[in-house]
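Please prepare a short briefing on the structure shown below.

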Amino acid sequence: MARNPFLTAPATRYLGLAAAVGLTAPLVLATGAGAEPTEPVLTIYTYESFTPEWGPGPKIEAGFEAVCECDLQFVGLEDGVAILNRLKLEGPSTGADIVLGLTADLIPEAKGTGMFASSGVDVSHLSVPTAFEDDVFVPYDYAYLAFVYDSEEITEPPTSLDDLVTGDPEVKIAIEDARTSTPGLGLMLWMKAIYGEEAADKWAQLSERILTVTPGWSEAYGLFTGGEVPMVLSYTTSPAYHMIEEGTDRYQAAAFAEGHYLQIEVAAMLRTTERQALAKRFLAYLLTAEVQSLIPTTNWTLPVRDDIDMPDAFGRLVAVETPLMIDPETVAANRRAWTQEWLQAIGR
Amino acid sequence: MTAASDRAWRLGLGLAAAGALAAFLGGVFVIFLVVAGAAPDFRALASDRYLRGVVLFTLEQAVLSALLSVMGAVPLALALHRARFPGKRAVLRLFLLPQALPVLVGALAILTIWGRSGLVSDVLAAIGLARLDIYGLSGILVAHVFFNLPLAARLMIAGLDRVPAESWKLAGQLSLSPLVTFRLVEWPALRSALPAAASLIFMLCATSFTLVLVLGGGPGATTLEVAIYQSLRYDFDPGRAITLSLTQIGLTAIVLWFTTRLGGDVTAGFGLGGRARRYDRQSRGRVALDTLVLAVGISFILAPFVAVVVRGLEADLARLLADPAVHRAAGTSVVIAVASALLSMLVSLAIVLAMEALRATRGKGAPRGRDAMRKVLETTTSLVLVVPPIVVGAGWFLALRQVTDVFAAAPYVVVATNAAMAVPFVVRIVGPALAAANRATGRLADSLGLVGLSRLRFVDWPVLRGPVALGFAFALAISLGDLGAIALFGSQDLVTLPYLLLQRMGSYRTADAAGLALILGILCLSLMALAERGLAPKGNAA
């Protein structure tokens, strides 16, 4: 028989190749993850900035695995809200033993799922502002919202929220959307905590200064460091990153007289975990001086112990005297209505 | 094998491919209904004032964006088609790059040019004028035109390329004035590409998310896609998310139907550019006008890329290039992009061949059913673009975890999603070429009794390989730039370049992110060049 033309024909060769590569390529990617450990695996759902090599994840993993005879595995999801949604999608058959990275605002909603168990961790000795305490959710770090400004553009930063609201509308700010991001929601609560019923009017006034409202922190902060806007909604700890990693004092946080809104991050154990003892041990490990001293320069947040040696740059940050926080139950009950009010006040 | 069984075979494959596509995307609605018990509720939607505003704004900005992109593309396509200049091929290839740019990078790049402290504002300020303030509808339109005008231009150049060489020759011999040439030759060709371009851009803009929020200046600018994201994420209300998604799909279907009624082929498509030889009268005035159009058009499209390059070069590229995390991410990106481009190509080719098989019978008084079936195929491949990735991702996550380990399945879902997203583009690229070829050689092939694989090889493949190369390049670009699918399934073990870029951006490392954007762009251009060179017909290497 003559040479089969189809085997060498370009069309069929490409199609065959296409099929082969198309079907096997993902396999190559998938199998990389499958080295079977013999040790018990502790699976932790967290947010994605926790897990990269510069984040706290790898160091905590190495530290805990050195003592636990277990394999710690992080699953990085977008943020706290995404973690909670993942749990809701999965229900009781979730693969998580622990979640790490919910904000305290989410606690009522998280408790509503009935998926969490008491931590059994003693948190009474911690130095969390507002003396936050919960027998299920263990606070492991916190941060204050703040407006961070470029000192080369702004020489007289606002000294209060009121100053910000009534300031020159030509000096623009970028904020995050309360519907899609944690800091955005935080600012909405901050305004509510200070102005209560008047919040809508103040938002309408503030909106004159708002250049744009971005879906998340990354976009807003990108606009800020890109020079498009001289002030951005971020955290009091943001300048520490620029001081330590970039050696510059150019970016500073504005101290507000009324106080700053507090974001506490918490971790908790799932009721359905088969490794309760290990999970409890990990939650307690989070609060050790070893882990807490990692927090400032990896997560760029503040530790929950007061006996941690802080880098010098942290001494030069805005020291918050009045922490502001609306209790999570009130937030949960009013979030929809307040978001609607915010939309109408700011909607242009 | 007979011609009839050949047709049946092509039809079967095409319908199977379209069915798989529809099942992959439409299946999520069934999954939500069955697994989560989430049923759509349109009555609640109709009575919600906020949502009515969102729907109106979605349509308004998408219609305007599509119109502006298409209107801007007409003079640019005409000038590009007439002009001969060094680097024309490179420019045409750069026109594909916006699809590969993660939207956030694109938005920041656009603002370096058009923002308050952007290049244009700086120039205006230097001559004593007010700085630009584009935030609002105008900002959204600038961004959408940047992303989509190049797309429209390539569709129209393809339309111009399908004008028979004799027409240009005749126009040259008759010394037709530019206006008459436009009316008699160019406009009919452009017109056939208009609905395809407009509908594609409409869909891309209707589902816009980050661009609309960042450049829209505030929540006054909200699209349905934002509302869908909000309902699934912050309110965790799958029922509402499905209702909104179905609304988005339904509205788009209506718009698609409307554009097909306007005439023209919705899937009339892209081309390779530069095939037709033209014999226009040389006129100083027109050369000047063309040069002006080209200068304005190309610099509008290229300026943000220049910004990406400049910012990227400021980053510590040496460190990034030596970073193992970057190597891993680049490797993952390439594997996923190549796999999904191949898969997309297989599905699209099957669909295109089936659509041709259905069309070929029309002349012989085929039953109306076939025509309807072709329309269904067309619509299925188009609507892919408006099924929200967050809904698809969540749906498949729900379904897969009933049967398997989701993280092991994640790469498959990412590849499948990326492949599906590229199908509407690839079909628009390959379809018209095959249709044109069939018109020219179909009867001859029929009378010679060429069927099956030999027909595919000797008749179809030589015509298709050029467009296939371009379609492949497009699919690569789309997959390389994708974040929608990967963000939902991403884990420590599945990190692509855009994902890494966003991760760095999300932890203060903006310079790294700028460097990664440059690396991603270069990677994309090289892959596209490789694909086009490898597949292009011999002697006509791209």
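The buried residues of helix α7(A) are Thr182(A), Pro183(A), Gly184(A), Leu185(A), Gly186(A), Leu187(A), Met188(A), Leu189(A), Trp190(A), Met191(A) and Lys192(A); buried here means that 20 or more other C-beta atoms, placed from the backbone, lie within 10 Å of the residue's own. This is a predicted model, in which local features need pLDDT of at least 70 and side-chain atom pairs count only at pLDDT 80 or more, while totals for chains, interfaces and linings use all residues. Residues are numbered from 1 along each chain as its sequence is written, and chains are lettered from A and ligands numbered from 1 in the order in which they are written.

**Helix α7 of chain A**
- Eleven of the 14 residues of α7(A) are buried, so the helix is mostly covered.
- Gly196(A) follows α7(A) and has a positive phi, near 50 degrees.

**Confidence in chain A**
- The average pLDDT (the predictor's confidence in each residue, from 0 to 100) of chain A is 88, and 89% of the residues score at least 70.
- Residues 1–18 of chain A have a pLDDT below 50, and this stretch has 14 contacts in the model beyond near neighbours in sequence (a contact requires C-beta atoms, placed from the backbone, within 7 Å).

**Domains of chain B**
- Chain B is divided into domain 1 (1–39 + 316–542) and domain 2 (48–309), with bounds from an automatic or database domain assignment.
- The contact takes 41 residues from domain 1 of chain B and 40 residues from domain 2 of chain B.

Conventions. A residue is buried if 20 or more other C-beta atoms lie within 10 Å of its own, exposed if 12 or fewer, and partly exposed in between; C-beta atoms are placed from the backbone. Helices (H or I, at least four residues) and strands (E, at least two) are DSSP runs, numbered from the N terminus. Two residues are in contact if their C-beta atoms, placed from the backbone, lie within 7 Å.
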